[in-house]
Amino acid sequence: CDGLFIHPVVGKKKTGDYHSNIIIESYEIMQNDFYPDNKTVFGVFATYSRYAGEREALFTALCRKNYGCSHFIVGRDHTGVGNRNKSSDNIFTHFPDLGIEIITFNQVYYSKINKSYFEESNKNPIEKNNEKLTISGTKARNMFNNKIIPPSWYMRPEISSMIIESLQAK
């Protein structure tokens, strides 16, 4: 692709969500220290999370299309969708001509054996549970609330440290 548009939602949050300043600073660290120069554009999307699952994913895809995006990534649990990819019938099948390509993915896990990340699918062999490590926003929030820095395979240490410092400054 030509580049990456980083466009996090910043606005009213529900209790337990990361504050906008943490979200913005996380992406600024990624943009400045990790993403290729001149290949990213950063802007905030001043709205609020509706926690409406697939309907919100559809709304957000259309908004991103209006910003000029050609693709939109929808994860396994986009704002409360639940495990969307367990069903082949998702909202995007009802709107095939959105004008933006929807990219979906299932649960991502880290393989202790391969020291790499995999999307759980029928194509990839599923490792034994003790060999694969799952990534979860809920687990991350619990670690941060208990002042535990996630392992480096889970989250970049630069981001983890910034989040811990920001939460302690409250």
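Predicted model: local features only at pLDDT ≥ 70, side-chain atom pairs only at ≥ 80, totals over all residues.

Student: Ok, which residues in helix α3 are buried?

Tutor: A140, M143 and F144 are the buried ones in α3, which runs over residues 137–145. Looking down the axis of α3, you'd find its buried residues within an arc of 95°, so they line one face of the helix.

Student: And what covers them?

Tutor: The cover over the buried residues of α3 includes α4, residues 157–168.

Student: What goes on at the start of α3?

Tutor: There, S136 has a side-chain oxygen that comes within 3.2 Å of the backbone nitrogen of T138. Just past α3, K147 has a positive phi of about 60°.

Student: Switching topic: which residues touch the most other members of the largest nonpolar core?

Tutor: That core has 14 residues, and A140, F144, Y154, M155, I159, M162 and I163 touch the most other members. Two or more residues each come from α1 (20–33), α3 and α4. With 4 residues, α4 gives the most.

Student: What does M155 contact, apart from its close neighbours in sequence?

Tutor: Skipping neighbours within four places, M155 contacts A140, F144, P150, S160 and I163. There's also a second, separate core of 10 residues, with C69 and F92 among them.

Student: Oh, a cysteine! How many disulfides are there?

Tutor: The whole structure has 0 disulfides.

Student: Is C69 buried or exposed, then?

Tutor: C69 counts as buried because its relative accessibility is 16%, under the 20% cut-off. C63 is buried too, at 14%.

Technical notes: Residues numbered from 1 in each chain as written. Heavy atoms only, no water. Buried < 20%, exposed > 50% of the residue type's maximum accessible area, 1.4 Å probe, protein only. Arc of directions from axis to C-beta. Contact = heavy atoms within 4.5 Å. Polar contact = N/O pair within 3.5 Å; in protein donor to acceptor, adjacent residues only side chain to side chain. Disulfide = S-S within 2.5 Å. Core = buried A, V, L, I, M, F, W, Y, C linked by side-chain atoms within 4.5 Å.
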